[in-house]
Amino acid sequence: MSTKKIQVLQITDTHLFASPHSALMGVDTAATFEAVLKVVKSDFNQAQCVLVTGDLTQDDSAESYHYIKDALSDLAIPNYWLCGNHDKEALMNAINPTAMKKKVELGNWQILLLNSQVPNQVYGHLEESELALLSQELAQNPDKPTLIALHHHPAPIKSQWMDNIMLKNPDEFAAVLNNHKNIKGIIHGHIHQAIDYTFCGIPVMATPSTCVQFAPESNHFQADTQQPGFRVIDLMPDGTIETQVIRICDQPMEIDLRSKGY
């Protein structure tokens, strides 16, 4: 067994555009993404990998994927991508195929990356093939502590509008999880806020967007003034997880709070 922790970074919901400094709800998404990367480079450049958990693009453009690929390559840290509801899987596979892995092994840990995207829909769903792959990997490696990553949240978060677009088959997901004891954590994006909760008794960690944040426990769409951020996940040798959310600044975010959607 490895005696060293494995550090993983989660970056999510970058919502980048073809045009370098386009704005989403008044926020320059490239500028805030670059601010996150600046903190990563200065303080977390020894991490073993970066997980980018969906909604890389806002405008479905090849340019936005090339931009994030080039920006992340400057970190010199392996990075892996997941589809969010805004993404185009075919473009992601064409532009950065090495990032589209389903499984990453680091030390005595494994990370399984699940595609919860439903093309042309905002809600999520895990296809039978994804659940079968998950079950297979968990069964074949029962002694490997496992971190699971997906885009959509698997359980309600007390936010009506967001819970309408969560994972639509959480019971099928739970049926697989309940058959295995080596799952130590689940991470996701989509909700643009930091929340820690449990699903099937497993710790679940949601992570802030690198751009716009959403107000917690809101029945209708509402932006928030919390700063962009990312998550640091330390996978420990004993199979436990230590984690923290890093914000790029402690001042309120300047954002168009009148916006009715994104």
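The largest cavity in this predicted model has a volume of about 30 Å³. A search of the whole structure finds 1 cavity of 30 Å³ or more.

**The cavity**

- The lining of the largest cavity is formed by Leu16, Phe17, Ser19, Pro20, Ala30 and Tyr67.
- By residue type, this lining of the largest cavity comprises 5 nonpolar residues, 1 polar residue and no charged residue.

**The largest pocket**

- The largest pocket holds about 240 Å³ of space.
- It is lined by 15 residues, of which Asn85, His86, Asp87, Asn120 and Gln121 are the closest to its centre.
- The lining of the largest pocket contains 5 nonpolar, 6 polar and 4 charged residues.

- Most residues other than glycine have a negative phi.
- His15 is not a glycine, yet its phi is positive, at about 50°.
- His15 is found in the loop that runs between strand 1 (6-11) and strand 2 (23-24).
- Because its relative accessibility is 0%, His15 counts as buried.
- Asn120 likewise is not a glycine and has a positive phi, of about 70°.
- The loop between strand 7 (109-113) and helix 4 (128-140) contains Asn120.
- Asn120 has a relative accessible area of 72%, and therefore counts as exposed, since the cut-off for exposed is over 50%.
- Asn120 is also one of the residues closest to the centre of the largest pocket.

**Helix 4**

- Helix 4 has 13 residues, which at 1.5 Å a residue should span 18 Å; the C-alpha atoms at its ends are 18 Å apart, in agreement with that expectation.
- The buried residues in helix 4 are Glu130, Leu131, Leu134, Glu137 and Leu138.
- Viewed down the axis of helix 4, these buried residues fall within an arc of 130°, so they line one face of the helix.
- Glu128, Ser129 and Gln140 are exposed on the other side of helix 4.
- The elements that cover the buried residues of helix 4 include strand 6 (103-106), strand 7, strand 8 (146-149), helix 6 (170-177) and strand 9 (183-188).

**Helix 6**

- In helix 6, the buried residues are Pro170, Phe173, Ala174, Val176 and Leu177.
- Around the axis they cover an arc of only 160°, so they lie on the same side of helix 6.

**His152**

- His152 is located in the loop between strand 8 and helix 5 (160-163).
- His152 has a relative accessible area of 0%, and is therefore buried, as the cut-off for buried is under 20%.
- When residues up to four places away in sequence are not counted, His152 touches Asn85, Ser116, Gln117, Val122, Tyr123, Gly124, Ile165, Met166, Leu167, His188 and His190.
- Asn85, one of these contacts of His152, is also among the residues closest to the centre of the largest pocket.
- His152 and Asp224 are 72 residues apart along the chain, and their C-alpha atoms are separated by 19 Å.

Note on methods: Residues numbered from 1 in each chain as written. Predicted model: local features only at pLDDT ≥ 70, side-chain atom pairs only at ≥ 80, totals over all residues. Heavy atoms only, no water. Helix = DSSP H or I, 4+ residues; strand = E, 2+ residues; numbered from the N terminus. Buried < 20%, exposed > 50% of the residue type's maximum accessible area, 1.4 Å probe, protein only. 1 Å grid on protein atoms, 1.4 Å probe; cavity = no way out; pocket = protein on both sides within 12 Å on 5 of 7 lines; lining within 4 Å. Points joined across faces, edges and corners; volume = space filled by probe spheres on them. Nonpolar A, V, L, I, M, F, W, Y, C, P; charged D, E, K, R; others polar. Expected span 1.5 Å × (residues − 1). Arc of directions from axis to C-beta. Contact = heavy atoms within 4.5 Å.
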